[in-house]
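Here's a quick tour of the model on your screen. Have the viewer ready, and let's start with charges before moving on to the core and the surface.

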Amino acid sequence: MEEVAEMVEALEDVILRARARLVNVVMNEELPSHIRQELFIALGRVNLAYDLVLNIICKLERKGESR
């Protein structure tokens, strides 16, 4: 179970870094609007992935409390 928790934490770190980079790129006003629109869509998907990771973390924490 500890191995799973470590993998989830690593995934969370990767997602947070990807989200930060995407936000920086999306804020670049020199990009064409259609590219920025695609990046906004990608950012939404990264946010969904982050929500899923947080859900897994909560479940792992609850499982640890019940023991």
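## The salt bridge

A salt bridge here is a side-chain nitrogen of Lys or Arg within 4 Å of a carboxyl oxygen of Asp or Glu. Keep in mind that this is a predicted model, where local features need pLDDT of at least 70, side-chain atom pairs count only at pLDDT 80 or more, and totals for chains, interfaces and linings use all residues. Residues are numbered from 1 along each chain as its sequence is written, and side-chain values use heavy atoms, with hydrogens and water left out.

Helices are DSSP runs of H or I with at least four residues, numbered from the N terminus (strands would be E runs of at least two). As a general point, side chains of opposite charge can pair when their charged atoms come close.

D13 counts as partly exposed because its relative accessible area is 39%. For that label, buried means under 20% relative accessible area, exposed means over 50%, and partly exposed is in between (1.4 Å probe, protein chains only).

## The nonpolar core

Which residues make up the largest nonpolar core? There are 10 in all: V8, I15, L22, V26, L39, L43, V46, Y50, V53 and I57. The elements giving two or more residues to this core are α1 and α2, the latter spanning 33–65. The top contributor is α2, with six residues. A core in this sense is a set of buried Ala, Val, Leu, Ile, Met, Phe, Trp, Tyr and Cys residues joined through side-chain atoms within 4.5 Å.

V8 belongs to helix α1 and counts as buried because its relative accessible area is 9%. Although V8 and I57 are 49 residues apart in sequence, their C-alpha atoms are 7.2 Å apart in space. I15 is also in helix α1, and is buried at 9% relative accessibility. From I15 to R45, 30 residues along the chain, the C-alpha separation is 10 Å.

## Surface patches

Patches are made of residues with over 30% relative accessible area and no salt bridge, joining like charges within 9 Å and nonpolar side chains (Val, Leu, Ile, Met, Phe, Trp, Tyr) within 5 Å. Areas come from the Shrake-Rupley method with a 1.4 Å probe, and for residues only the protein chains shown count as cover. Lys and Arg count as positive, Asp and Glu as negative, while His and the chain ends are not counted. Each charge is placed at NZ of Lys, CZ of Arg, CG of Asp or CD of Glu.

E2, E3, E6 and E9 form a negative patch. E9 lies in α1, residues 2–26, and is exposed because its relative accessibility is 52%. M1, V4 and M7 make a nonpolar patch of about 290 Å², and M7 is in helix α1.
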